[in-house]
Amino acid sequence: MGDINIKQKKFADYYIETGNATVSYLRAGYEAEGNAAEVNASRLLRNAKVMEYIKERNEQLDVQFIADITETKRFWTEIMRDENADMKDRLKASEYIAKTNGAFVEKKELQGSFNNKIEFGFVDPTVSDD
């Protein structure tokens, strides 16, 4: 991750946790009076290296904490195969697996003609039709 100092890392980590730049700025150990914390926190959020650090940390957190489709399918498979689980849960898990594998593709047939011409228009809401 980019070359940022410890306070900037703390700021970024607190920002990821809280979503509040001003609070994160102060919690990271920066000192400010008046609205300087808000202004400087905003500046830090525009710093390319801090932004890159936040982006990379969020990607790491996504991998660590958010189940991907493989993990989800494994979970559903465990439930589906668990003979002690309720039958409705086992059936629902099998349905989810089937859906993610494309077993329930809904097809719709449209009838009519299409002249290959699409028209777009703008309606000004301030002009009445009267």
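A crossing of two helices is called left-handed if the near helix is turned anticlockwise from the far one by less than a right angle. Keep that in mind while looking at this predicted model, where the crossing of H5 and H6 is left-handed.

Let's stay with that pair for a moment. Helix H5 covers residues 69-81 and helix H6 residues 87-100; their axes come within 8 Å and cross at roughly 145°. On the H5 side, the contact is made by Ile69, Lys73, Trp76, Thr77, Ile79, Met80 and Arg81. H6 answers with Asp89, Arg90, Ala93, Ser94, Tyr96, Ile97 and Thr100. Sorted by class, that contact of H5 with H6 has seven nonpolar, three polar and four charged residues.

Now over to H3 (residues 36-46) and H4 (residues 48-65), which pack at about 70° with their axes 5 Å apart. Since angles of 65 to 115 degrees count as roughly perpendicular, H3 is roughly perpendicular to H4. Here Leu44, Leu45 and Arg46 of H3 meet Ala48, Val50, Met51 and Ile54 of H4. The H3–H4 contact has six nonpolar residues, one charged residue and no polar ones.

Finally, the rings. The count comes to three aromatic pairs. One of them is Phe11 with Tyr15, stacked at 6.2 Å centre to centre with 20° between the planes. Both residues sit in helix H1 (residues 6-18), four residues apart, or about one turn of the helix. Phe11 is buried, at 0% relative accessible area, whereas Tyr15 counts as partly exposed at 25%. Tyr25 and Tyr30 have ring centres 4.4 Å apart and planes at 10°, so that pair is stacked too. Tyr25 is buried at 6%, and Tyr30, at 17%, also counts as buried.

Key:
Residues are numbered from 1 along each chain as its sequence is written. This is a predicted model: local features need pLDDT of at least 70, side-chain atom pairs count only at pLDDT 80 or more; totals for chains, interfaces and linings use all residues. Side-chain values use heavy atoms; hydrogens and water are left out. Axes are lines fitted to C-alpha atoms, for helices over the stretch in contact, and angles run from 0 to 180 degrees between N-to-C directions. Helices (H or I, at least four residues) and strands (E, at least two) are DSSP runs, numbered from the N terminus. Angles under 35 degrees count as roughly parallel, over 145 as roughly antiparallel, 65 to 115 as roughly perpendicular and the rest as oblique. Contact means heavy atoms within 4.5 Å. Ala, Val, Leu, Ile, Met, Phe, Trp, Tyr, Cys and Pro count as nonpolar, Asp, Glu, Lys and Arg as charged, and the others, Gly among them, as polar. Rings of Phe, Tyr and Trp (its six-membered ring) pair if their centres lie within 6.5 Å; planes under 30 degrees apart count as stacked, over 60 as edge-to-face and the rest as tilted. Buried means under 20% relative accessible area, exposed over 50%, partly exposed in between (1.4 Å probe, protein chains only).
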